[in-house]
Amino acid sequence: MKETSIFGAKNYSNSVKRMKPLFILALSITLCACQSTSNTPQTSTDQPIKNVIFLIGDGMGLSQLYAAMMASEQPMAISRAPYVGLQVTRSATSDVTDSAAAGTALATGTKTRNGSIGVDSLGHPLRSILQRAETAGLSTGLIATHSVTDATPAAFVAHNPDRAQEEAIAEDFLTSDVDLFIGGGRQRFEHRTDGRNLSNELRNKGYHIFYTLDSLPSFEQGPIGVLLADDKLPSMQQGRGDLLPRATQEAVRLLSKNTEHGFFLMIEGSQIDVAAHHNDADAMIQEILDFDHAVRIAMDFADTHPGTLVLVTADHETGGVTLPSDSNIIKFGKAQPTEGNRAQTRFSTKGHTASMVPIYAYGAGAEQFTGLLDNTDLPHRIAHLLQLPQ
Ligand code: MG
Ligand code: ZN
């Protein structure tokens with residue numbers, strides 16, 4: 001089913017295969033012009049979608065990405081995506097969302113208050129797309145470079161009106177049935193104020209709990225949790241190395257063993273946001289390029305596993321990044337341009353902004369993610385494509 005689209009990238013859509021390139025172009029323009037924030041996909045895909053790899057760059061806006069593209073010595077994997085959309089990130093209570101409300105919108109399709117995890121504005125629990133996938137028999141996984149109890153991954157498995165309650169959020173992993181989680185946050189499982197050891201409780205439920213990735217390549221089956229740090233993982237500048245790409249590689253290998261029902265995997269580039277909060281352009285670019293390695297692995301997997309959708313987006317923009325021209329201020333590191341009137345990475349805030357963020361879609365069903373979308377549209381469309389019951 002592989003083919004080369006008019007954009008030069010591969011996709012597997014039968015419906016697109018039958019279209020003439022000019023018609024695809026016309027359709028894309030029509031979708032961009034007319035589509036607003038409804039929950040109903042505009043076209044149907046006649047090939048079933050089996051696997052979804054949902055990659056979230058926390059705080060990764062368009063300017064952040066282009067700063068990384070300018071710095072990258074090779075084309076970024078993300079540029080292989082033939083379908084691109086825009087996402088409105090606002091929460092139920094603010095134009096400027098936090099990662100808890102944004103994660104909840106991306107995980108459940110419902111807007112909530114800033115600070116809330118997996119609950120609506122009244123505090124009622126919401127089922128996430130990961131939980132629905134789990135119930136439908138898919139294998140499920142979460143990877144983060146921050147604590148797995150931090151807002152973004154938490155929104156896929158936990159329910160708490162207060163994102164700061166990370167020990168309570170860790171308890172929700174016991175009832176989540178998630179098949180694989182890899183990230184930081186060990187202290188919320190093992191060094192808790194209530195004295196419980198959730199890692200041992202997870203082991204009693206059949207989980208294998210590890211503290212490095214070393215035993216993963218020989219691991220074959222069973223639910224697994226890997227807690228790589230007490231809190232967040234080291235940053236790229238602190239020497240995280242290839243932990244995120246390795247975790248991604250092992251996760252797709254393990255989850256894709258479920259050939260009958262497929263899998264749902266969320267991967268977060270958590271520390272793009274951390275670097276942007278610090279207004280540190282070099283650190284931010286390194287985190288994005290590392291995240292792009294995970295994108296590359298996901299896209300390569302989709303190339304060899306028809307029926308796989310790869311979605312890459314952000315939960316919000318952090319730092320109010322602009323790329324003005326200023327030859328007098330050179331803030332880039334070694335990999336950056338050092339002469340001439342080149343673009344510079346500038347920040348306008350230490351916080352989040354209301355800017356829309358990009359969506360990149362690749363593989364089966366990718367054409368469903370163009371145009372102007374609301375953050376809540378994404379899980380609705382994923383659930384529709386995976387044909388998940390409520
Ligand atoms: Mg996050
Ligand atoms: Zn943030």
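A polar contact is a pair of N or O atoms within 3.5 Å; within protein, one must be able to donate a hydrogen and the other to accept it, and residues adjacent in sequence count only if both atoms are side-chain atoms. In this predicted model, local features need pLDDT of at least 70 and side-chain atom pairs count only at pLDDT 80 or more, whereas totals for chains, interfaces and linings use all residues. Residues are numbered from 1 along each chain as its sequence is written, chains are lettered from A and ligands numbered from 1 in the order in which they are written, and side-chain values use heavy atoms, with hydrogens and water left out.

Asp 273 and His 277 are separated by about one helical turn because they are four residues apart in helix α11 (residues 271-277). His 352 is found in strand β12 (residues 352-353). Helices (H or I, at least four residues) and strands (E, at least two) are DSSP runs, numbered from the N terminus. The side chain of His 352 makes a polar contact of 3.3 Å with that of Asp 273 and another of 3.1 Å with that of His 277.

Asp 58, in the loop between β3 (51-57) and α3 (62-71), and Thr 152, in helix α6 (residues 151-157), are 94 residues apart and link distant parts of the chain.

Buried means under 20% relative accessible area, exposed over 50%, and partly exposed in between (1.4 Å probe, protein chains only).

| Residue | Relative accessible area | Class |
|---|---|---|
| Asp 273 | 10% | buried |
| His 277 | 27% | partly exposed |
| Asp 58 | 2% | buried |
| Thr 152 | 0% | buried |

In α3, the residues Gln 64, Leu 65, Ala 67, Ala 68 and Ala 71 are buried. They line one face of the helix, since they fall within an arc of 160° seen down its axis; the arc is that of the directions from the helix axis to the C-beta atoms. These buried residues pack against α12 (281-304), β11 (317-318) and β13 (357-363), where contact means heavy atoms within 4.5 Å.

A nonpolar core is a set of buried Ala, Val, Leu, Ile, Met, Phe, Trp, Tyr and Cys residues joined through side-chain atoms within 4.5 Å. In the largest core, of 55 residues, Ile 53, Leu 55, Met 60, Ile 143, Leu 265 and Val 312 touch the most other members. Helix α12 gives the most to this core, with 13 residues. A second, separate core of 49 residues includes Ala 158, Ile 209, Met 266 and Ile 359.
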